[in-house]
Amino acid sequence: MHAFTHSRVGKVEMKNHGEFSAVLVDVAEENGHRLLRRARSLTGPSPVYNFGPKARTMKNSAGLMSIQDPASLRLTWYKTPFSVLVIKKIYDEDIIRPFVEIISHLVKERRMMVYVEEAILKDVKLNSNEDFDRLKDKLYTVSEGQDDLTDKIDFILCLGGDGTLLHASSLFQTSVPPVLAFHLGSLGFLTIFEYAENFKSVLTSVLEGNAKLSLRSRLKCAITKVDSDLSRIPVKNLQASHQKSMMVLNEVVIDRGPSPYLTNLDLYVEGRYVTSVQGDGLIISTPTGSTAYAVSAGASLVHPSVPAIMITPICPHSLSFRPIVLPAGVEIKVMVSPEARSTAWVSYDGRNRHELAHGELLRVATAIYPVPCICRDDQIMDWFDCLGTCMHWNVRHRQKPFIGIGNGMTPSSSSNSLCSRNSGSDTNCDNSY
């Protein structure tokens, strides 16, 4: 097996008909401690144009700030991509054949440097595959948390369900290369390409730069120690020491864990106290995460291109505590209330679960490094297609029409007005129920 020595440098471009104008702002220091670096943008979730060593988004030289056409975001390569990280759902026997086919194509026909995770080499079923055994010595391995992949990987190829893309996001804590995801798992909301399609033609199109992108924003989360009185004073006046930060693509969840008591969390937005959360917990999610845990807790569905952060309570003790959507530029802070009976627990995209104790503060802000996902059609229709196929959104039995309407019978004037509003849709025009 080759050692992890490959190092390359590159950028990414945005080809757009509307302008993508964003300004990167470092938040002011508080008592000598810099806050999370985050994105402030009028038109999108990310002010950066570089994704991995060789991909970038093309900039419009007009210099005007306007709303960007979502369909205008396209991938281009300023150097031919050479290295690819193939992420496979572990211990899934059905993915072995597609995995071996793809890495064989990349190694033998594309002559690319193919990286795989060291953990998959422990898969007994995979190692018993004769074709993989012949390819194994030509692969490069990486280990989560040990190898810096920032300037090593030109693009990512995922085989599995949505969990594989979430895992790919966690491997890159800064700039993320473009991600091509094939649906071979349980859900497929994020992995939109069917492997039954001709994967070689899809790969050819992507490697030639003929692909549209969807930039999925992430949240940067950090837990800090609070070294001051925990009475409800502005958080900006509390002294804090930073700990390691985490990137999440879906959500960060603060819940009561094994405790039988309600969570009692103080919520701050932009350094100001907003409310106390009493219930089972709180979900802070990206637009991508709005269709995950948050929607089960009652949140609205938000398109991934909307620069926003969702705050959703989990089974709140107050019926008026409804989910809210905030602009992506704000910073959110959550602290266990001083009068809370117990601590809380934090998890990031369902992983790395640990305790949030009294005297600790969770800080959350939109990160400047989104995940660039390659679209099948475009970022708008891909999303609606996934709503229909994965969530069965608005699937219902059709209402029966009046007898005779289809045979020349003229509906009433009120029905005509409904028909005109629903022109082009498959909704039956009817004022009765």
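Helices (DSSP runs of H or I, at least four residues) and strands (runs of E, at least two) are numbered from the N terminus, and a helix axis is a line fitted to C-alpha atoms over the stretch in contact, with angles between N-to-C directions that run from 0 to 180 degrees. The model on your screen is predicted, so local features need pLDDT of at least 70 and side-chain atom pairs count only at pLDDT 80 or more, while totals for chains, interfaces and linings use all residues. Residues are numbered from 1 along each chain as its sequence is written, and side-chain values use heavy atoms, with hydrogens and water left out.

Select residues 96–109, helix α1, together with residues 199–207, helix α5: their axes come within 11 Å and cross at roughly 50 degrees. The two helices are therefore oblique to each other, a word for angles that are not under 35 degrees (roughly parallel), over 145 (roughly antiparallel) or 65 to 115 (roughly perpendicular). Now show the side chains of E101, I102, H105, L106 and E109 in α1 and of F199, K200 and L203 in α5, which make the contact, meaning heavy atoms within 4.5 Å.

Next, select strands β5 (50–51) and β7 (76–77), the edge strands, each of which pairs on one side only. They belong to an open, antiparallel sheet of three strands in the order β5-β6-β7, where pairing requires that DSSP finds at least two bridges between two strands. Strand β6, residues 55–56, pairs with β7 over two bridges, and A55 has W77 of β7 as its bridge partner.

Because W77 lies in β7 and F155 in strand β11 (residues 155–160), the pair ties together parts that are 78 residues apart in sequence.
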